[in-house]
Structure formats: C-alpha cells, structure tokens
Amino acid sequence: MSGTTVLTEKWPVLGRHEQAATWLTIWTDLGRAPRTIDAYARGLAEYLLMCEREDVDPVIANRAHIAVYVRELTSRPHRRGANVVSIDSGAGLANATIQQRLLASPFRLGR
C-alpha cells in the first residue's frame with residue numbers, strides 16, 4: 001500500500017481530489033520525511049474541506065477564498081485547550097503552522 005493510499009484513508013477528502021494525491025506524491029518523490037508528508041496531507045485535507053464547505057474549486061480558488069481559510073486558521077481554538085494561545089498568531093495556531101498550511105494553496109495544487 002502506497003503512502004498516498006494510507007493518507008487518503010486517514011483523510012478521505014484527499015481521495016476526492018485527484019490532484020491532491022499527485023501533489024503529495026511529488027513531495028514524497030522529492031524525499032520529504034514521512035512526518036513532513038503527513039503534516040502536508042493534514043494541511044491539504046483541511047484546505048480541501050474548507051473548499052468543499054464553501055463550494056469552491058480548490059484549484060481555481062482566488063485570494064478571497066484563501067483569506068477565508070486564513071481567517072479560519074487564525075481564529076480556531078488550540079487543540080490543547082482554550083487557555084493555550086500561540087505568541088505568533090494571537091490565536092490557536094502558530095504563525096509557522098499557518099504558513100505550512102498555506103503551502104497547500106491552489107497555486108501549489110494546480111501548477
């Protein structure tokens with residue numbers, strides 16, 4: 001079973017978008033570590049779920065759609081509890097985490 005298959009089982013939304021598997025395979029072929037690929041897959045899955053929820057084609061999403069995603073990332077509570085706040089973002093996710101999540105933007109998916 002390929003790594004991409006495992007990831008699509010973990011995050012079924014990845015299996016609904018053919019380019020998502022291709023994108024993850026490219027990063028795997030470039031020699032990224034398994035935990036890095038897992039983090040990319042998680043971020044990509046979150047982005048694709050937002051696109052589905054907003055009825056947006058992830059490949060042709062525009063800046064306004066990305067802004068919705070960024071607002072969601074910067075306003076979500078930290079998974080370890082409401083009292084944990086990142087110094088970087090002022091919200092639940094650190095700025096570096098938000099930047100990593102944005103790596104899966106449609107500009108990376110479609111091109």
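Guide: What follows is a conversation about the terms applied to this predicted model.

Visitor: How many helices and strands are there in the chain, and what pattern does the chain follow?

Guide: The chain has six helices and zero strands, and when it is read along the sequence the pattern is α-α-α-α-α-α. Buried residues make up 38% of its 111 residues, and the accessible surface comes to about 6800 Å², with 53% of that surface belonging to carbon and sulfur atoms.

Visitor: What makes W23 count as buried or exposed?

Guide: The word buried is used for a relative accessible area under 20%, and because W23, with a relative accessible area of 6%, falls under that cut-off, W23 is buried. This residue is found in helix α2, and the C-alpha atoms of W23 and A41 are 9.5 Å apart in space, although the two residues are 18 apart in sequence.

Visitor: Why is Y40 called buried?

Guide: Y40 has a relative accessibility of 13%, which is under 20%, and therefore Y40 counts as buried. Y40 is found in helix α3, and, when neighbours within four places in sequence are left aside, Y40 is in contact with W23, L24, W27, R32, Q100 and L103. For the pair Y40 and W23, which are 17 residues apart along the chain, the C-alpha atoms are separated by 9.7 Å.

Visitor: Why is H17 called buried, and where does H17 lie?

Guide: H17 lies in the loop between α1 and α2, and its relative accessibility is 18%, so H17 counts as buried by the cut-off of under 20%. Not counting residues up to four places away in sequence, H17 touches L48, E52 and P58.

Visitor: What makes E52 partly exposed?

Guide: Partly exposed is the class between buried, which is under 20%, and exposed, which is over 50%; E52 has a relative accessible area of 34%, so E52 belongs to that class in between. The place of E52 is in helix α3, and its contacts, leaving aside neighbours within four places in sequence, are with V13, R16 and H17. The C-alpha atoms of E52 and V13 are separated by 9.1 Å, while the two residues are 39 apart along the chain.

Visitor: Why is D55 called exposed, and what is said about its phi?

Guide: D55 counts as exposed because its relative accessibility is 71%, which is over 50%. Its place is in the loop between α3 and α4, and its phi is near 55°, a positive value in a residue other than glycine. As background, most residues other than glycine have a negative phi.

Visitor: What makes a set of residues a nonpolar core, and which residues have the most contacts inside the largest one?

Guide: Such a core is a set of buried nonpolar residues joined through side-chain atoms within 4.5 Å, and the largest nonpolar core here has 24 residues. Those with the most contacts inside this core are L7, L14, W23, L24, L44, Y47 and L48. Helices α2, α3 and α4 each supply at least two residues of the core, and α3 gives the most, with nine residues. Leaving aside neighbours within four places in sequence, L7 is in contact with L14, L24, I37, D38 and A41.

Visitor: How do you know that α4 meets α5, and how do the two helices cross?

Guide: Contact means heavy atoms within 4.5 Å, and I66, Y69, V70, L73 and T74 in α4 meet I98, R101 and L102 in α5. By class, this contact of α4 with α5 has six nonpolar, one polar and one charged residues. The axes of the two helices come within 10 Å and cross at roughly 145°, and the crossing is right-handed.

Terms used. Residues are numbered from 1 along each chain as its sequence is written. This is a predicted model: local features need pLDDT of at least 70, side-chain atom pairs count only at pLDDT 80 or more; totals for chains, interfaces and linings use all residues. Side-chain values use heavy atoms; hydrogens and water are left out. Axes are lines fitted to C-alpha atoms, for helices over the stretch in contact, and angles run from 0 to 180 degrees between N-to-C directions. Helices (H or I, at least four residues) and strands (E, at least two) are DSSP runs, numbered from the N terminus. A crossing is left-handed if the near helix is turned anticlockwise from the far one by less than a right angle, and right-handed if clockwise. Ala, Val, Leu, Ile, Met, Phe, Trp, Tyr, Cys and Pro count as nonpolar, Asp, Glu, Lys and Arg as charged, and the others, Gly among them, as polar. Buried means under 20% relative accessible area, exposed over 50%, partly exposed in between (1.4 Å probe, protein chains only). Accessible areas come from the Shrake-Rupley method with a 1.4 Å probe; for residues, only the protein chains shown count as cover.
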